[in-house]
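My notes follow in the order I took them.

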Amino acid sequence: MNPSILITLLLLQCLCVICAAQEFDFFYFVQQWPGSYCDTKKSCCYPTTGKPPSDFGIHGLWPNYKDGSYPSNCDPNNSYDQSKVPQVFTFGLVLIIKTTHQISDLISRMQQDWATLACPSNSGSTFWSHEWDKHGTCSESVLDQHSYFRAALNLKSKIDLLQILQSAGINPDGGFYSLSSIKSTISNAIGYTPYIECNVDEDGNSQLYQIYVCVDSSGSNVIKCPVFPRGKCGSSIEFPSF
């Protein structure tokens, strides 16, 4: 076979694999309570920018299929923040071309709303890189890198979980609240039932860890979850302070 034809066929095959992987049905938008991340035997480390706000933080925006499975690591050629955006300036008769990172204008919001608590302490870029490479690349047919992170940040502003819960008297005070009341409070506020993920603190108590809300494939609108992740919480769970 002609080498050029073979190369063309291989490229087409690769493109088909990538396109197939990028087809998805909806997103899970996942917010995490930092107090529950830190209140475990593993503990946590604050980012180099300091202690994050006492608020739910973004964990991720994850493409999913209706059967409960999900694509991952869909495009190794589109790594986190590697592509540069050229900006052209003129200084007298001199033409200056400057390049900036795709998401440089979002970094301050990400440090606030999408902070990392992993150890050792770091700036967050490793966490964001992981989220883009594993999940974001699987939605790049819909959202480029900048749009992906912006969509998650906008959803965070739109779905203020802490305010929703506190308005119903559910506060991060180390008290125990019924799982049903947490679900119904959020459902009444956003129109759809969320999925609640629990973890266990150092004393073995079940605690509010992450809240999943389903979003359409545009990354904009909250929808009814086609399927929930597997997992189980107790009927009464702790909402630890942070």
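**Setting up.** I took helices (H or I, at least four residues) and strands (E, at least two) as DSSP runs, numbered from the N terminus. On that basis I get seven helices and eight strands. This is a predicted model, so I kept local features to pLDDT of at least 70 and side-chain atom pairs to pLDDT 80 or more, while totals for chains, interfaces and linings use all residues. Residues are numbered from 1 along each chain as its sequence is written, and side-chain values use heavy atoms, with hydrogens and water left out.

**Overall packing.** I call a residue buried under 20% relative accessible area, exposed over 50%, and partly exposed in between (1.4 Å probe, protein chains only). Of the 242 residues, 44% count as buried. For contacts I require heavy atoms within 4.5 Å. Among contacts between residues at least 6 apart in sequence, 72% join residues at least 24 apart.

**Cores.** Next I looked up the nonpolar cores, meaning sets of buried Ala, Val, Leu, Ile, Met, Phe, Trp, Tyr and Cys residues joined through side-chain atoms within 4.5 Å. Which residues touch the most other members of the largest one? They are F149 and I196, in a core of 49 residues. Helix α5 (residues 145-158) gives this core its largest share, six residues. Another core lies apart from it and has eight residues, including F26, W62, Y195 and Y212.

I then listed the partners of I196. Not counting residues up to four places away in sequence, I196 touches L179, I182, K183, I186, L208, Q210, I211, C233 and I237.

**Helix α7.** Helix α7 (residues 179-190) has twelve residues. Its first and last C-alpha atoms are 17 Å apart, close to the 16 Å expected at 1.5 Å a residue; the expected span is 1.5 Å times one less than the number of residues. L179, I182, T185, I186, S187 and I190 are buried in α7. An α-helix has 3.6 residues a turn, so residues three or four places apart point the same way.

What covers the buried residues of α7? The cover includes α6 (161-166), β5 (175-178), β6 (195-200), β7 (206-215) and β8 (236-239). Just after α7, G191 has a positive phi of about 95°.

I186 sits in α7 and is buried, with a relative accessible area of 0%. Leaving aside neighbours within four places in sequence, I186 is in contact with L161, I164, L165, G191, Y192, P194, I196 and I211. The C-alpha atoms of I186 and I159 are separated by 9.4 Å, though the two are 27 residues apart along the chain.

S187 is also found in α7. Why does S187 count as buried? It does so because its relative accessibility is 19%. Beyond residues up to four places away in sequence, S187 touches Y192, T193 and P194.

**Pockets.** I searched a 1 Å grid over the protein atoms alone: a cavity is a set of points where a 1.4 Å probe fits but cannot get out, and a pocket is an open set with protein on both sides within 12 Å along at least five of seven lines; lining residues have an atom within 4 Å of a point. Grid points are joined across faces, edges and corners, and a volume is the space filled by probe spheres set on the points.

The largest pocket has a volume of about 240 Å³. Of its 15 lining residues, Y28, W62, N64, Y70 and Y212 are the closest to the centre. β2 (57-64) and α4 (125-134) each supply at least two residues of this lining.

The second largest pocket holds about 160 Å³. Its lining includes Q32, Y37, H59, F127, E131 and Y209. β2 and α4 are the elements that give two or more residues to it. The largest share, three residues, comes from α4.

**Cavity.** How many cavities of 30 Å³ or more does the structure hold? It holds one. The largest cavity has a volume of about 150 Å³. It is lined by 15 residues, and P52, D55, F56, G57 and A115 lie nearest its centre. β2 and α3 (107-113) each supply at least two residues of the lining.
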